[in-house]
Amino acid sequence: MKKVEASALKTLGILGGGQLAEMISKAAKRLGFKVAILAQSPDSPAAKLADQLFIGSFNNRAALFSIADVCDVLTLENEFVDSQLLADLEQAGYCVYPSSSCLALIQDKFLQKRELSQQGIPVPRFAEVSGLKEAVFAFQKWGGRGVVIKKRRNAYDGRGNAAAFSEGEIKKAWELLKGDSEPLYIEEFCPFEKELAVIVSVSRKNEAAVYPVAETIQENHVCRAVLVPAAADKEISDRASEIARKAVEGIGGVGSMGVELFLQKDGEILVNEISPRVHNSGHYTIEACESSQFENHVRGVFGLPLGSSALKEKAAAMVNLLGVKKGDGTPEGLDEAKAVLGASVHIYGKKESFPGRKMGHVTALGENSAQALKTAQQAAALIRFGARSTLSS
């Protein structure tokens, strides 16, 4: 199959069938496109929306080429697809966004940091380490003020990271992350004041849309809530937006991507990481913005003009619905939550709940983010998953 012009594109292929694929699919269908999905299970959240459904691993070469044959553009909902397989698809003439080269830079977090640093994007101090002695040396070199040992690949939501504030803790972190067999790298610990996030959408025709700067509230290394706009002065917000845009454009991103940043107490802004896909911190955009991150992702990969990223109202908040106990994924209290005025409830339809798993989210709009958060939390507190599962607000 050869690459075709945007005017002839009709089917979007999505590698992965989770909630992100589901929300991308809804946006694609509203724009008049068909959707083909490669999911690991027919029970995956996005499977019910597929015009053509393929079951298999998104790291299986045959499965990738099978779905590619029925699509005009392929995209992905996670960063765990083998970038070399994407390169093989591109070599065969298929259209893939983000590109294999972009994904290869992002999915290895050490390479991601190195590329950003080389382009002048501010990041925490970092170093490649091949052994425990090198990790301890970096800790000492940086003044012994704390470090974070991180897996270079396949880490998310705090999994694959471990903070250390002494040489003994570095040894424990190294063992926990299996440093003798897993490739790791080290970063200087950032005592940030706030965690910020910016969604940046880039078209294959190099148009960019930058969404409002959001503040993310973490709980056990998982995003619990998002407040928009972040409580920061205009100079900081403008600088965060510019850094995020340059970071995504600098790694050749196409589609919607999430940029996570640290705001230091002295006002310095550092990029924590980029996600090469639509991002949890941008779910609020479905109700809150003129065009959601999902719509602009579809527009971007098809080369269509991007929609406005402006807020419809002054502020918004999003609360993630997280599993607490292992159990049935069927939501209880959903009718009561939907009765909360101003709350928009999204349930992902996952069959099983377990601690920290994202089962859905609630968005609310308001005059300010505190007001919106109160409404979203009120609805979120009413929802629980499984007979033995509860949700803390």
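The backbone nitrogen of Lys 10 sits 2.9 Å from a polar atom of the Asp 72 side chain, and the backbone nitrogen of Thr 11 also lies 2.9 Å from a polar atom of that side chain. This is a predicted model, where local features need pLDDT of at least 70, side-chain atom pairs count only at pLDDT 80 or more, and totals for chains, interfaces and linings use all residues. Residues are numbered from 1 along each chain as its sequence is written, and side-chain values use heavy atoms, leaving out hydrogens and water.

Asp 72 itself is found in the loop between helix H2 (61–68) and strand E4 (73–76); helices (H or I, at least four residues) and strands (E, at least two) are DSSP runs, numbered from the N terminus. Asp 72 is buried but has no salt bridge, and Lys 10, the nearest side chain of opposite charge, is 7.6 Å away. Buried here means under 20% relative accessible area (1.4 Å probe, protein chains only), and a salt bridge needs a side-chain nitrogen of Lys or Arg within 4 Å of a carboxyl oxygen of Asp or Glu.

Now for the cysteines. The structure holds 0 disulfides, a disulfide being a pair of cysteine sulfur atoms within 2.5 Å.

| Cysteine | Nearest cysteine sulfur | Distance |
|---|---|---|
| Cys 71 | Cys 95 | 11 Å |
| Cys 102 | Cys 95 | 14 Å |

Cys 71 counts as buried at 3% relative accessibility, and Cys 102 is buried at 0%.

Finally, Val 271 is in contact (heavy atoms within 4.5 Å) with residues including Leu 116, Ile 243 and Leu 261, leaving aside neighbours within four places in sequence.

Technical notes: Buried means under 20% relative accessible area, exposed over 50%, partly exposed in between (1.4 Å probe, protein chains only). Lys and Arg count as positive and Asp and Glu as negative; His and the chain ends are not counted. A polar contact is a pair of N or O atoms within 3.5 Å; within protein, one must be able to donate a hydrogen and the other to accept it, and residues adjacent in sequence count only if both atoms are side-chain atoms.
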